[in-house]
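Hi,

Here is the structure I promised to pass on. Have a look at it first, and my notes follow below.

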Amino acid sequence: MAEQAEIVRDVVVVGGGAAGLSAALTLTRARRSVTVVDAGAPRNAPAAGVHGLLALDGVDPAELLARGRAEVVGYGGEIIEGEVSDASGTAPDFVVTRRGGGRLRARRLLIATGLVDELPAVPGVREQWGRDVLHCPYCHGWEVRDHRVGVLATGPLSVHQALLFRQWTDDVRFFAHGGGVAPEDRAKFDALGIAVITGEVVELAVEGDRLRGVRLDDDRVVAVDAVVVAPRMVARVEVFAGIGIQPTEHPMGSYIAADPTGFTGVPGVWVAGNAADLSAQVSAAAADGARAGAHINADLVTEDTDRAVADRLSTEHRVEPAITGHIP
Ligand SMILES: Cc1cc2nc3c(=O)[nH]c(=O)nc-3n(C[C@H](O)[C@H](O)[C@H](O)COP(=O)(O)OP(=O)(O)OC[C@H]3O[C@@H](n4cnc5c(N)ncnc54)[C@H](O)[C@@H]3O)c2cc1C
């Protein structure tokens with residue numbers, strides 16, 4: 001399918017991760033014309049494998065998406081590599097603009113742009129992110145079972161993370177990072193044998209690209225095999241301001257509010273995956289996408305049916321005078 005402004009697709013999907021591709025699969029199998037525009041930076045790109053995904057546990061993240069793309073293309077969908085910089089218009093005529101030029105028109109839009117993990121500004125965290133620096137026990141807990149896990153206190157979620165990771169290992173070290181630990185949390189840590197390490201963390205100690213420990217402001221290095229952080233998770237929403245989509249604040253970041261089908265409240269616009277649900281893992285993001293795809297198709301069926309009924313009525317009205325003219 002050529003990229004031409006005058007072609008009006010049924011759906012443009014912005015973002016080709018698990019959510020966007022799953023929606024596109026549902027929609028192409030429903031014989032809808034679908035274009036996915038994807039900037040190619042899925043959230044879990046630094047990770048070695050996708051864990052907890054039924055029947056595909058441990059699959060390489062890039063391979064999963066390559067397979068998904070091939071399935072979408074196999075049903076006639078189109079994938080465009082690039083970044084959407086703006087969206088405008090209203091249903092059934094949205095215009096999506098790509099950075100560097102190129103416009104696409106669509107009757108419906110699905111936002112599947114994921115989120116940005118804003119990491120704590122501790123040297124070494126970004127470099128080791130997704131490998132030795134982790135956030136989600138369901139993604140990586142098994143891989144660090146019985147290892148020395150350090151939890152870097154960066155917000156209210158950090159205590160919860162320490163308690164969770166304790167399920168996978170009895171060697172959890174809580175780095176208070178200059179802050180305190182509330183007495184009730186201290187009691188829980190003491191009961192579970194979670195060590196509290198005071199002092200400010202100045203950097204992660206890394207040798208040969210592997211984490212060796214956490215360096216404190218008194219130059220001590222506390223040995224750990226993995227560090228857990230709680231990033232602020234911010235939905236990628238800004239390019240949709242022109243169609244009335246705004247972020248909703250959340251204690252852990254921000255997201256795009258929607259009903260359980262992914263409908264945003266803006267006619268013709270749905271959202272799926274991490275952009276709507278900060279806690280969605282790959283399976284949940286894919287399920288969200290499939291559900292949103294089905295609801296978008298149903299919405300298009302309604303519009304197509306209404307148009308068919310209107311066309312038929314206008315045809316009957318045009319014909320009727322001629323027929324009645326012959327009735328004696
Ligand atoms: C380090 C790490 C490890 C993880 N490990 C696991 C795991 O083991 N198991 C698991 O189930 N989950 C894991 N997750 C969670 C997983 O990454 C998410 O559940 C999943 O990526 C959400 O899918 P999504 O489609 O919503 O977003 P994403 O996968 O982030 O995809 C969004 C896509 O949209 C594109 N995009 C964004 N903005 C634009 C734009 N303006 N124009 C065009 N394209 C755009 C992005 O480039 C990206 O390709 C992990 C997360 C992290 C951070």
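By a polar contact I mean a pair of N or O atoms within 3.5 Å; within protein, one must be able to donate a hydrogen and the other to accept it, and residues adjacent in sequence count only if both atoms are side-chain atoms. Keep in mind that this is a predicted model: local features need pLDDT of at least 70, side-chain atom pairs count only at pLDDT 80 or more, and totals for chains, interfaces and linings use all residues. Residues are numbered from 1 along each chain as its sequence is written, and side-chain values use heavy atoms, with hydrogens and water left out.

Now the ligand. A backbone N or O atom of Ala18 sits 3.2 Å from one of the ligand's oxygen atoms. For His51, a polar backbone atom is 2.8 Å from a ligand oxygen, and for Gln281 the distance is 3.4 Å. The protein covers 97% of the 990 Å² of accessible area that the ligand has on its own (Shrake-Rupley method, 1.4 Å probe).

In total, 37 residues surround the ligand (a heavy atom within 4 Å of it). Asp38, Ala41, His51, Val84 and Ala280 are the closest. Domain 1 (8-117 + 232-314) and domain 2 (120-228) both contribute to this shell, so the ligand lies between them; the bounds come from an automatic or database domain assignment.

There is also an open antiparallel sheet of three strands, ordered E12-E13-E14 (strands are DSSP runs of E, at least two residues, numbered from the N terminus; two pair if DSSP finds at least two bridges between them). E13 (residues 210-216) and E14 share three bridges.

Cheers

Terms used
Helix = DSSP H or I, 4+ residues; strand = E, 2+ residues; numbered from the N terminus.
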